[in-house]
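Me: I have a structure to read. Can you take me through the main points, one at a time?

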Amino acid sequence: MRELVVLGTASQAPTRTRNHNGYVLRWDDASLLLDPGEGTQRQMLLAGVASPSLHRVCITHAHGDHCLGLAGVVQRLSLDRAPGPVDLHFPAAAQPYVTRLRTATAFHETCEVVEHPVDPAPGALVEVGRGRTYALSAASLDHRVPTVGWRVDEPDGRTFLPERLAAAGVGGPAVGELARAGSLRVGGRTVRVEDVSVPRAGQSFGFVMDTRPCDGAALLARGVDLLVCESTFLHRDAALADEHAHLTARQAGELAAAAGARRLVLTHFSQRYGHGDAVDAEFAAEASAAHPDVVVARDLSRVPVPRRRLQGHRRGGA
C-alpha cells in the first residue's frame, strides 16, 4: 500500500474544519509521519493510524503548525510500547526546539527515538536515510526560518513478463533465483534477467512545505508520482505570499508542471479564505490552470500514489 493519509490541512492556526498540519505516507511496510502539528495524536486515532506503525518522523521547520504535535506523538510511541527505533529527521537549526518538544513534560520513555538533524546546502538534494524499498532525501527551502523538504524514491527495477518466463522455461523458485543472480542456466542455455523483463521506474514522493519558489522545491518535485505542496494563498494575494515566504495555488501548479510531477496535492490553506466546496474549487482551479491532476486535501482524506508508469518510462528525479 502506498498512499498519503491527510491528518490536517490548516496553516498557522487550526479552524473548525481544518486541523494543524499532519500527514502520514504509507509506503509498503513503512509509515512516515510528516510535520506533526498540534492535535496530530488525535487525528491519527481518527484516521486509523496506530503509533506503533510509525518508522520515521520528518519535520520541515520549527513553526508551531508543523511541529507542536511532536511532544504528544513521542510520548504516545512510548505509551503504546512502539517497538522502535523511530528515526526523527529535522533541520539542524531546529535542534533547540526539537529538544524542548521532546522533553516538554515528564513521561516514561520506552521507545527509542533517534535524532537525525540535517543541513543540506542550497540547491542540493541529500540522501538522509533508507528503508527497505525507498531512500529518503532532503533539500533546503526558502522560508523565514531554516526549512527543508523531503523526498522518497524507490530504486528503479524490472518487471518480469510471464509469457517470456514461460517461453524461457523459468518458473517457480527459479524466478527468484534469476532475479537475485541476474542470469540462470536453463536447458543448456543462459537466460538473463533482461531477456524476460522490462525496465520499471521506481515510484517517488515529494513534500514541499513553507517556501517561496526556489531550486530546492524544484529538486523535491522533479518527476515525482505524488507531490504534496503548500498553497497557503490564492494568487490574488501573491504579494502576501512572497512577504511571508509562501506559495500560491497557481505557483504550486506551476511548480508541479515544470517539474513533471504526476499528481499534485494542495494543502496548508490560510484561514482567511474560510472553508467549503467553493473555496476548494477556487484553489483547484488556480493550480489546474497549470497542472492537470490536482487534489485539494481535506482532513482525514486519503490520496493514493498513482500507479506505476508505463513500461520503459523513467522518472526525471534524483
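Me: How do strands β1 and β2 pair, and over how many bridges?
Reply: Two strands pair if DSSP finds at least two bridges between them. Here β1 (residues 2-8) and β2 (residues 22-27) pair in the antiparallel sense, over six bridges. Leu-4 stands opposite Leu-25 in β2. Strands (E, at least two residues) and helices (H or I, at least four) are DSSP runs, numbered from the N terminus.

Me: What should I know about the model itself?
Reply: It is predicted: local features need pLDDT of at least 70, side-chain atom pairs count only at pLDDT 80 or more, and totals for chains, interfaces and linings use all residues. Residues are numbered from 1 along each chain as its sequence is written, and side-chain values use heavy atoms, with hydrogens and water left out.

Me: In what order do the strands of the open sheet run?
Reply: The seven strands have the order β6-β5-β4-β3-β2-β1-β18, with mixed pairing. β6 (113-118) and β18 (302-304) stand at the edges with a single partner strand each, so one side of each has no neighbour in the sheet.

Me: Are Arg-81 and Ala-245 buried or exposed?
Reply: Buried means under 20% relative accessible area, exposed over 50%, partly exposed in between (1.4 Å probe, protein chains only). Arg-81 is exposed, at 56%. Ala-245 is buried, at 0%.
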